[in-house]
Amino acid sequence: MRKLIMILLSILLVVTLVACSNVPIPPPQGITVNDIDFEKVDGNSLTDAQIKMIEKNKVDKGYSYWQEDKAFYIVIFAGEQPTGGYAFDVKSVEDNEGKTNILVELTPPKDMATRVLTYPYTIIKAEGITDNFNIVDTNGEVYKLIRSDL
């Protein structure tokens, strides 16, 4: 009986020593989020086809895009607004594990504005992203893809 207890204690000691060894535990893998540099695109550099696509789609809230070489050009439409004076800006572009998150902000006019329907939009150019876009405004409203025929 004494031998059995000694064998069990020896096994317990070996298991304890193996479990407490200095085997490194890998750090937990987190989600990788990268801020992406982008530039605002001047409408004067667009082709006639691109301008036509913007004119056709600007009434609706959403986005369209096209790719040239390694860069994506994203046109984000705020849709119809009741007055002039709205500011529409991209606040950030992030790559989050293969998804391109874009945050936009539509700011209403601070003072009296012209009572005319307007269609604010903005165009950005970014590289190092995918076309798996998630575009949301600062109020949490999601912008849907508007197909473009370029």
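## A buried loop residue and the strands around it

Let's start in a loop: I129 sits between β7 (121-127) and β8 (133-137). Everything here comes from a predicted model. Is I129 buried or exposed? With a relative accessible area of 10%, I129 falls under the 20% limit and is therefore buried. Setting aside neighbours within four places in sequence, I129 is in contact with I36, F72, I74, V93 and T100. Its C-alpha atom lies 9.5 Å from that of N101, a residue 28 positions away along the chain.

**The chain as a whole**

Now for the wider view. The protein chain contains 2 helices and 9 strands, and from the N terminus on the elements follow the pattern α-β-β-α-β-β-β-β-β-β-β. Of its 150 residues, 31% count as buried. Among contacts with a separation of 6 or more, 69% are between residues 24 or more positions apart. The accessible surface of the protein chain is about 10,400 Å², and carbon and sulfur atoms account for 55% of that area.

**How the strands pair**

An open sheet of 5 strands runs in the order β1-β5-β6-β8-β9, and its pairing is mixed. At its edges are β1 (33-35) and β9 (142-143), each of which pairs on one side only. Within this sheet, β5 and β6 are antiparallel partners, and F88 stands opposite L106 in β6.

Strand β7 also has partners: β2 is joined to β7 in the antiparallel sense, and so is β4. Which residue in β7 is the bridge partner of E39? That is K125. For A71, the bridge partner in β7 is E127.

| Pair | Residues of the strands | Bridges |
|---|---|---|
| β5 and β6 | 87-96 and 99-107 | 9 bridges |
| β4 and β7 | 71-78 (β4) | 7 bridges |

A general point is handy when you look at any of these strands: in a regular strand, side chains alternate between the two faces of the sheet.

The loop between β4 and β5 holds T83. The relative accessible area of T83 is 8%, so this residue is buried too. What is T83 in contact with, leaving aside its neighbours within four places in sequence? The list is P109, A113, T114, R115, V116 and T118.

**Aromatic rings**

The structure holds 7 aromatic pairs. In one of them, the ring centres of F77 and Y121 are 6.2 Å apart and the planes meet at 50°, so the pair is tilted. This pair links distant parts of the chain, with F77 in strand β4 and Y121 in strand β7, 44 residues apart. Those strands are the antiparallel pair joined by 7 bridges.

Note on methods
Residues are numbered from 1 along each chain as its sequence is written. This is a predicted model: local features need pLDDT of at least 70, side-chain atom pairs count only at pLDDT 80 or more; totals for chains, interfaces and linings use all residues. Side-chain values use heavy atoms; hydrogens and water are left out. Helices (H or I, at least four residues) and strands (E, at least two) are DSSP runs, numbered from the N terminus. Buried means under 20% relative accessible area, exposed over 50%, partly exposed in between (1.4 Å probe, protein chains only). Contact means heavy atoms within 4.5 Å. Accessible areas come from the Shrake-Rupley method with a 1.4 Å probe; for residues, only the protein chains shown count as cover. Two strands pair if DSSP finds at least two bridges between them. Rings of Phe, Tyr and Trp (its six-membered ring) pair if their centres lie within 6.5 Å; planes under 30 degrees apart count as stacked, over 60 as edge-to-face and the rest as tilted.
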